[in-house]
Amino acid sequence: MDSQKCTERLEKKGVRVTAIRILVFEALAKAPGTMSLADLETELETVDKSSIFRTLEVFERNHIVHSIDDGTGSVKYEICEGEDDCTLADMHTHFYCESCHRTFCLKDISAPIVDLPGGFQAHSINYIVKGLCPRCSGLS
């Protein structure tokens with residue numbers, strides 16, 4: 001995604017466009033899968049960790065990214081598919097490889113919607129499958 005499309009997406013969401021926000025968005029957009037704060041810090045070595053973290057908070061609050069807790073203790077982030085909102089219907093399955101420790105997006109497999117009892121209101125779904133990826137299982 002180029003800077004212009006990034007700028008348009010941020011403006012559409014009412015988020016002030018800054019150089020750091022563009023850098024974080026572009027890094028997430030070009031990533032082959034999810035990225036952690038540490039991954040972004042490595043990718044954007046000229047940007048300090050607190051600026052990246054604050055940017056991720058703004059992005060998540062404005063439904064530009066969603067977070068994935070894959071059980072590793074390191075939250076992962078990815079850009080929401082929909083231009084307008086990240087909804088429960090947009091949430092998909094993630095796969096955590098126990099060998100190479102990468103988290104993969106399985107965008108074609110929707111996360112199951114749970115029918116909650118009255119009074120409960122879901123805001124996100126975190127559906128993780130753990131095992132070995134094709135490369136680590138020798139099936140690639």
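Guide: Start with a polar contact of 3.2 Å between the side chains of K76 and T72. This is a predicted model: local features need pLDDT of at least 70, side-chain atom pairs count only at pLDDT 80 or more, and totals for chains, interfaces and linings use all residues. Numbering runs from 1 along each chain as its sequence is written, and side-chain values use heavy atoms, without hydrogens and water.

Visitor: What makes the K76 and D70 pair a polar contact?

Guide: The definition asks for a pair of N or O atoms within 3.5 Å; within protein, one must be able to donate a hydrogen and the other to accept it, and residues adjacent in sequence count only if both atoms are side-chain atoms. The side chains of K76 and D70 are joined at 2.8 Å.

Visitor: Why is K76 called buried?

Guide: Its relative accessibility is 8%. Buried means under 20% relative accessible area, with a 1.4 Å probe and protein chains only. So K76 counts as buried.

Visitor: Which residues does K76 touch?

Guide: Leaving out residues up to four places away in sequence, K76 touches T34, M35, S36, H66, S67, I68, D70 and T103. Contact means heavy atoms within 4.5 Å.

Visitor: Where is K76 found?

Guide: In strand β3, residues 76-79. A strand is a DSSP run of E, at least two residues, numbered from the N terminus.

Visitor: How do you know that β4 and β6 pair?

Guide: Pairing takes at least two DSSP bridges between two strands. Four bridges join β4 (residues 92-97) to β6, and the two run parallel. F95 has V129 in β6 as its bridge partner.

How values were computed
Buried means under 20% relative accessible area, exposed over 50%, partly exposed in between (1.4 Å probe, protein chains only).
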